[in-house]
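This report considers helix packing and sheet architecture in the structure shown below.

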Amino acid sequence: MDNEEILRQLEFIHSRKKASLPDRLRPFYGKVSLKNRGVLVFGARGVGKTTFLLSAFDEKNVLYLSADNPLIALKGLWEIGNTVFLAGYEGVIIDEVHYAKDWSIALKSLYDAFPDKRVYASDSSSLILRSGIADLSRRFSSVQIPLLSFREYLFLKKGIDLPLFDPFQSNLATVREITNTVNVLALFREYIKGGFRPSYLEWDYCEQVMNILEKTLHFDIPFFVTQISDIHFRLMNSIVGFLATSTVPTINVERFCRDWGVGKRKLYELLSVMSSTGLIRIVLKKGDYKTFSKGEKILFADPSFYSVFGENIGTVREAYVVQAFEEAKKPCFCCEDERKGDFYVEGKRIEIGGKNKKAKDSDFVIRDDTEFPVSNVIPLWMLGFMY
């Protein structure tokens with residue numbers, strides 16, 4: 001198959017992708033600037049990276065292609081990109097870029113050889129920013145697409161555009177506006193069980209989660225782990241199963257190493273890549289700067305994963321609090337003494353629990369099944385309006 005025929009096939013794929021764009025787009029997309037002509041977009045599977053890039057250039061002469069397409073593997077990313085630009089396209093969108101051989105060299109070469117063209121690439125792991133050649137950092141800016149916020153979930157589901165606010169400084173009038181507009185607690189329960197990715201609108205959620213796990217563990221992670229073997233895949237599956245069912249959100253490193261016959265360094269490497277690919281979130285104590293660490297707690301990065309495996313409500317709450325703050329660019333750390341609180345966020349100590357939870361020695365208590373803020377009490381659902 002010659003390059004012209006491959007280009008025609010890619011144009012058909014692009015047309016089908018554009019035709020399937022949803023009517024409602026995530027509000028987050030409108031806040032992202034794509035001024036640079038070289039951009040790396042990353043985020044967990046299913047958060048809408050492809051939709052974001054296609055919608056951002058809907059009116060532009062830009063061609064979409066996926067690096068896991070066999071046609072790309074046949075000719076190579078550089079040759080296909082060269083063909084696209086010589087055909088008159090202003091830019092190219094390269095999805096799942098890490099699947100292409102020598103992808104970082106190809107991106108740099110396309111960027112340098114066509115100074116009037118745009119090169120946009122997406123991937124499901126932030127590791128693409130660290131595993132690519134150093135020259136990329138001087139040419140390409142980066143954009144991270146977070147999991148869907150509760151506010152965005154309401155917009156996609158109901159078409160209602162509600163305001164952003166800081167839960168630590170909430171305006172009661174704004175809260176009343178939201179609670180008068182929607183049944184906030186009922187919809188929040190739906191969101192927690194399966195609303196963190198726009199793809200929840202498309203097909204069975206349980207099947208989606210299993211598909212995400214399978215692709216992340218067996219297709220994404222091997223690109224970033226040296227000398228991976230079958231025992232390592234089984235170990236990672238075991239970690240997922242343990243975190244899904246344990247009431248204690250952490251793992252015993254010594255026991256896992258002993259049971260699976262792996263060294264600590266390899267286990268820490270696997271945990272680090274599982275975190276970078278959006279499967280888990282490792283929560284550190286403040287001041288923990290070790291290169292390899294299991295942190296103080298290990299949680300699913302997507303809190304709705306717990307609903308698929310049998311949820312422990314206490315762990316779900318903690319996973320959501322960490323997810324919401326971290327995605328809003330507010331780093332979250334475990335408290336040194338759990339008797340005084342669960343987490344630190346922006347210098348504030350917070351405690352998390354049900355509707356009767358006390359603050360202990362914390363500055364704020366975040367309560368589930370609570371509609372309105374009172375004094376230092378913040379309803380859990382309010383964390384979904386930070387982005």
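The axes of helix α11 (residues 205-220) and helix α12 (residues 230-245) come within 10 Å and cross at roughly 145°; axes are lines fitted to C-alpha atoms, for helices over the stretch in contact, and angles run from 0 to 180 degrees between N-to-C directions. The model is predicted: local features need pLDDT of at least 70 and side-chain atom pairs count only at pLDDT 80 or more, while totals for chains, interfaces and linings use all residues. Residues are numbered from 1 along each chain as its sequence is written, and side-chain values use heavy atoms, without hydrogens and water.

From α11, L213, L217 and H218 meet F233, M236, N237 and V240 of α12, contact being heavy atoms within 4.5 Å. These residues comprise five nonpolar, two polar and no charged.

An open sheet of five strands is ordered β2-β3-β4-β1-β5, with parallel pairing; two strands pair if DSSP finds at least two bridges between them. The edge strands, β2 and β5, each pair on one side only. From one strand to the next, the twist averages 20°. Strand β1 is joined to β5 by four bridges, and L40 has S142 as its bridge partner in β5. Helix α4 (residues 77-86) packs on the sheet, touching β2, β3 and β4, and its direction makes about 150° with that of β3.

| Strand | Residues |
|---|---|
| β1 | 38-42 |
| β2 | 62-66 |
| β3 | 91-95 |
| β4 | 118-123 |
| β5 | 141-144 |

Helices (H or I, at least four residues) and strands (E, at least two) are DSSP runs, numbered from the N terminus.

Definitions and conventions: Ala, Val, Leu, Ile, Met, Phe, Trp, Tyr, Cys and Pro count as nonpolar, Asp, Glu, Lys and Arg as charged, and the others, Gly among them, as polar.
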